[in-house]
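Hello,

Here is the structure I promised to pass on. My notes follow below it.

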Amino acid sequence: MIQLQLEAIEKKYQNTNIKNFNLSVKYGEIYGLVCDDYDTKKLLGKIITGLAKPTKGRVIYFSRKRKHGATHHLRRVGIATDDVYFYEEMSGYENIRLYIDAYKKRLNKLDTLSMNARIEQYFKLFNLMTSKNVPVKKYSQGMRQKLKLIRAFVIEPRILILDDPFVALDPVTIKQLIQHLKFLSRKKGVSILLLTTMATFLDTFVDRIGLVRNETLIDEMTHEELKFHQQSYLAVQSEQLPYLLTVIERKLNIYDYEVVNDTTVHIVENLGRLKTLHKILMDEGVHVQEMKYGFDSLEHFYLEKIGE
Amino acid sequence: MNNLIKIEFKKIVKTTYFLASFLIMGILPMVSLMLLLLQPTGFVSGDFNRLNILLMALVMSKTVFPIIAMSLIQIGHGLSGLKSIYLTPINRGKIIMSKVWMAFIWMTILIIFSIAIVVIIELILFRNMKVFGLVLHTLKIYGYIALYSFVFQLVGMVLTLIIGNILVPSLILISYMICEYGLQLQYMISFLPGAIPAYLSGVSGAYPMINTAIFVHVGIGLVALVFLLIKLIHQDYLD
């Protein structure tokens with residue numbers, strides 16, 4: 001069942017011109033939308049969250065049509081985009097409480113105690129407990145990012161829209177965030193749309209990925225398809241790189257390789273045959289420092305896809 | 001709506017505008033008192049309260065009252081704060097109206113605060129026990145002044161929305177106040193908007209076309225309110 005759908009969206013703003021943009025996020029799915037520039041991502045985020053009205057097309061939440069400016073559907077949508085701001089004089093905790101007040105109708109089943117417990121649970125998850133009563137003006141960029149995420153999670157949404165959620169976060173928090181996103185999608189059925197210009201980390205947990213180039217969705221693939229396309233290679237490191245290349249070309253007839261730096265080459269072709277490579281290199285007197293299997297990162301795949 | 005007004009209130013109490021507005025309103029009766037004491041001919045009971053009303057209508061209606069309304073549009077990253085609350089399920093029209101109501105409520109609180117100071121000063125300095133009766137008698141006038149100033153609040157909010165800051169709209173309103181006063185001194189009947197404060201305060205009687213002036217004034221307020229609602233609800237927030 002589709003939870004969020006962009007149907008033939010068109011919108012022009014300054015140099016960004018989105019034309020016939022279609023996208024859908026299914027129930028319990030994590031969808032990563034990788035954009036090639038910040039402006040496209042920003043404009044798409046504004047259209048999806050309702051801050052900008054598309055010239056043509058529509059955004060459909062929970063398979064229901066809505067008018068521009070309607071807000072009812074947002075009761076079940078957690079948003080962490082650049083448009084989320086905090087009142088600087090208030091503490092992080094007060095900001096979240098203030099935000100929750102806007103959801104009183106839906107959350108009034110919960111008493112103050114359970115609501116406080118829920119907020120604290122997220123402050124603990126993001127390691128912000130010690131700063132929860134500190135005014136937001138004293139927060140670092142990373143702390144503000146965490147607060148944005150808390151704001152999106154705390155309302156128990158059915159759809160999450162996250163704009164570059166990993167920005168300014170430390171590795172431990174990133175790991176926890178990925179685990180939590182997986183938990184929300186797998187166990188709670190939350191549909192998650194990640195808008196990003198950085199493909200890092202996405203390939204490890206998204207169910208589907210969309211690649212945007214020049215304001216157009218150029219490709220869409222599932223996690224499995226992505227893994228299939230991400231090229232495996234054997235990385236060989238040697239100080240004698242020119243001699244190493246001569247050997248693999250003349251003795252093994254391998255020409256599909258990529259020189260990564262002065263000492264390393266990635267061999268892509270016929271990985272099965274390469275089991276004998278080490279022996280041949282030894283026989284030919286090539287001094288190999290390291291040999292290991294690897295696969296291309298999503299960024300690498302994306303750059304290849306867009307021809308960069 | 002009550003919940004939204006509470007949210008707005010929680011936001012403003014943390015700002016410097018809140019404290020500053022009370023400080024300035026506290027100074028207003030002092031200025032009235034000083035002007036009275038400078039009068040060589042002396043004054044009668046009730047003059048202090050009347051002068052306070054006149055200054056409120058002349059000065060505060062175009063300075064402090066609109067500025068507090070403008071601050072409601074600007075508090076918390078200006079329009080960014082508004083964008084942030086638009087990402088919640090609250091109806092946009094209600095969000096705008098909560099700000100408009102909050103501006104009016106804040107102004108009413110300031111007027112009551114000013115009245116309280118007038119009463120306290122009258123009691124302490126002049127031991128005038130009739131002050132309660134005088135103030136009660138003029139409560140209706142204070143009410144009219146609130147409605148009169150409300151129009152400037154709405155105009156101030158529109159100007160802030162268009163210009164994007166508080167300073168320039170404040171300067172525009174202060175310039176208007178000075179021009180209004182000057183024109184009123186020069187052409188008493190020709191510039192009727194300037195006659196409204198004096199008429200409301202009871203210092204001057206009704207001019208032949210004062211009702212037309214009030215009608216136009218209220219009309220401007222309504223146009224400003226409609227513009228505010230349409231603009232804030234339907235505009236794209238692309239920046």
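A word on conventions before the rest. This is a predicted model, in which local features need pLDDT of at least 70, side-chain atom pairs count only at pLDDT 80 or more, and totals for chains, interfaces and linings use all residues. Residues are numbered from 1 along each chain as its sequence is written, while chains are lettered from A and ligands numbered from 1 in the order in which they are written.

In chain A, β10 (residues 232–238) runs antiparallel to β13 (residues 288–295), joined by seven bridges. β10(A) also runs antiparallel to β12 (residues 264–267) of chain A, with four bridges, and there A:L234 has A:I267 as its bridge partner. (Strands are DSSP E runs of at least two residues, and helices H or I runs of at least four, numbered from the N terminus; two strands pair if DSSP finds at least two bridges between them.)

In chain B, the axes of α2 (residues 16–38) and α4 (residues 64–74) come within 11 Å and cross at roughly 175°, so α2(B) is roughly antiparallel to α4(B). Axes are lines fitted to C-alpha atoms over the stretch in contact, with angles from 0 to 180 degrees between N-to-C directions; over 145 counts as roughly antiparallel. B:Y17, B:S21, B:I24 and B:M25 of α2(B) meet B:V64, B:I68 and B:S71 of α4(B) (contact means C-beta atoms, placed from the backbone, within 7 Å).

Finally, the contact between the chains takes 24 residues from chain A and 25 residues from chain B.

Best wishes

Definitions and conventions:
Contact = placed C-beta atoms within 7 Å. Parallel < 35°, antiparallel > 145°, perpendicular 65-115°, else oblique.
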